[in-house]
Structure formats: C-alpha cells, structure tokens
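Opening my notebook on this one. I want to look at a helix, a ligand site and a pocket, in that order.

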Amino acid sequence: MDRKLFDKYVLKTYNRFPVTLVKGRGMKVWDDKGNEYLDFFPGWGAGNLGHCHPKVVQAIHNQIENILHVPNVYYNEPQGELAKLIIENSFDGQVFFCNSGAEANEGAIKLVRKRNPHKKVIITLKNSFHGRTIATVAATGQSDYQKGFEPLPGGFEYCEVNNVDMLKSMMTDKVAAVMFEPILGEGGIVPITPEFMQTARELCDANDALLILDEVQTGIGRTGKLFAYQHFDVEPDILTMAKSLGGGFPIGAFAVKRQYCDILQPGSHGSTFGGNPVACSSGVAVINAIVDENLLENTTKMGDYLREKLEGLKKKHSIIKEVRGIGLMIGMELAKPGAEIVDLCRERHVLINCTHKNVLRLMPAINVSKAEIDRVVDVIDKVLSGIAE
Ligand SMILES: Cc1ncc(COP(=O)(O)O)c(C=O)c1O
C-alpha cells in the first residue's frame, strides 16, 4: 500500500504505526507483507470476540443479502432483536441505537438534561473518557482532550475517582446525573471501588438524579460479566455501550430504565444509521456467541491467569509498579512511559497498547487461550529485560 498517498489524503488525527493491516482471524492479524501478529488489543477495545468471528461474519453476510439499511421510520427485525437481548441481559427498559460510543453518551446526556429543566449539572470523573464530540469532550475529565475546543458546553463538574467524600460534597439538587465508567479505560485502567459505586447510586436516589454508566469499553463480556456493573450490587438508570457490541461493525446504544423511557419522544432525538440492520445483526450474533460459547467463564479464568503471569513479571522487573483490572481488561502501570515497549512488542509481532502514558493495556479477545497469554507475557518479559529500567 502507498502510505504516502494515504498521508496526503487522510486527515492526520492519529499517529499511525508503520503497519498496514489487511486480514484478521481470531487472535491474529496479518499485514500487507504477510507478517502475522498476535493481537492483544483488537479494535481498540472493539474486538471482544477477536477478528472476524465466524458467527458474526455469517450474520452480517445473511443480512447484506436482504437489505443494507432501513430508515428509522420503519421497523427492522434485527434492531428489535438486539434491543430485546440487551434488555434481557441488563435491566427492564428500552434501547436507543446509534453508531458510536460518543453518540451513545451524547444521547444519555440529552436524556438527563431533558428530564428536568432545573437540573443541568452532570458529575463526571477526573481522568474519565467519554468520547470526542463536543459534549462528550466536555464530559471527559481530562483537559488534554478539551484544549482548543472552547467554548465547551457547560454543566459538567469533575469528581476525583473513588473519592466518596468529594462526590457527597458535589451532590446538590441541581445535579441531573452522575456519569462514569466502571473501570476507567483511557484513564489508565482504574476500577471503581464498590464503595464509590454504592455511594453514587445512593446519592442519585436521594437527590432525584440518574446514574449513567459508560460501558463503551467495559461492556460486552470484557470483565467476565456481560456488563461490568454486574460485578456490583448496583444498577444504573442509563447504560451506554458501543465498541465490541458490533463485533467489529460500528454500532452504539444506550439502555434506559423503563420509568425514563418517555423522556425522549419522536423528534427529540434520532440517528439516520442508528439501529442499522447489518450492525444489529452483528450485535445479535456477538451476544449469542458470548452466551453459547461460555465466554464469560473463559474471561474470568484467563483474566486471573494473565494477571497472575503479569504479577510474576512484576517481581522480576522493577519498572512494573502495579497490575490491575477486572477480567480481561488489564493494565500494568510502569514507572516510565510505555510507548517504547509497545513499539518493541510490535517488532516482535505482538500488539498491545499503552494508555495514560505509562499504563500498558492488555485487552485480548475474551476467547483467548493460555498458550496465547504465555506467548505475549514471554514477549513482554524479553522486551522489559532488554530496556534500561
Ligand atoms: C469509556 C468510553 N466511552 C466512550 C468512548 C467513545 O467511543 P467512540 O470512539 O466509539 O465514539 C470510548 C472510546 O474509547 C470509551 O473508551
């Protein structure tokens, strides 16, 4: 592929690695030169089933033979089927479909703002990440993502992660919602504590505010439950999702509890492609595959195994400060920036990620095997042994 042409015509909103990926199957991807890589960060969190899962490919194939797109003023079967699956696996309510995580959060923000005109404040977390649209950038508690885009929509206030006292002090009758990720993803793989989750729920109940959980990255089996909130004794009022819901096909959605389903009425919110039948067919195949193939159990087992192996590396390499995460959403905090390690792993044909500058992020497909984990841990071990700590 001619990368010079790509660089000439595609806006440079990303720093790209010098690799052109042309094929993916399960845990593996291949570049245009035929090199094979083991992918431990498939699709930037959108690859919980790995690449081209056969049931997902088949579902997309079947659907594209029938109709590619159905405007939302008509019914389409896959949209209804996916909504039913999401609700049956979360809480009673309804689903709105869109095309990305940012759009799912944007819709959730609109819903809580519309519910009560006197409540406009949304509390989010410092170091959170909720997307790149102007409202979700404002919701994101990291100034790096906001700089230069002012004026941002107002009304967002940022609480420190897991700081229960601060959350209590920020809660007033003006608060429309508290919104956070059960594990901060782009914020460095930081799990929310049960105490913080419980307090957020209780404060929302006591102050007539809604709890929005952003499960764009943690959802769809990543942590060993279909949604990460299911590890806690708490239900959100709104649950946003995207990434792996489509098995590699673009989709976003939010589920809302039954009592809040009448707030958005015809004309108040929408999306041309939201709920597209191809995307929804893919989503149905993803959720069915997770259930049919017992992948939640595998996630827990392999997550424990991977964390144990990484804890072993921690004993050997002083650069590793902490290993944390739930299920197969694992971060390894380093004492120095991790970009070089990501590059060195890629040179050894293992793809991983570094988030928040110094946290190596490992999120393999949830059907990963022990042998694949062993290989990746061995490569990381060799890379760490070769660099100055
Ligand atoms: C927690 C979370 N929310 C929202 C988003 C935005 O999703 P999208 O890129 O699909 O708009 C992301 C993307 O990384 C995310 O991790």
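**Helix, ligand, pocket**

I started with helix α12, residues 370-386: 17 residues, reaching 24 Å from first C-alpha to last, close to the 24 Å expected at 1.5 Å a residue. The expected span is 1.5 Å times one less than the number of residues. Helices here are DSSP runs (H or I, at least four residues) and strands likewise (E, at least two), numbered from the N terminus.

A note on provenance: this is a predicted model, where local features need pLDDT of at least 70, side-chain atom pairs count only at pLDDT 80 or more, and totals for chains, interfaces and linings use all residues. Residues are numbered from 1 along each chain as its sequence is written, and side-chain values use heavy atoms, with hydrogens and water left out.

Which residues of α12 are buried? I get Ile 373, Val 376, Val 377, Val 379, Ile 380, Asp 381, Val 383 and Leu 384; buried means under 20% relative accessible area (1.4 Å probe, protein chains only).

Next, the ligand. I find 13 residues around it, the closest being Gly 101, Ala 102, Asp 214, Gln 217 and Lys 243 (a heavy atom within 4 Å). A polar side-chain atom of Asp 214 sits 2.7 Å from a ligand nitrogen.

Last, I checked the lining of the second largest pocket by class: 14 nonpolar, twelve polar and one charged residues. Nonpolar covers Ala, Val, Leu, Ile, Met, Phe, Trp, Tyr, Cys and Pro; charged covers Asp, Glu, Lys and Arg; the others, Gly among them, are polar.

Conventions:
Buried < 20%, exposed > 50% of the residue type's maximum accessible area, 1.4 Å probe, protein only. Polar contact = N/O pair within 3.5 Å; in protein donor to acceptor, adjacent residues only side chain to side chain.
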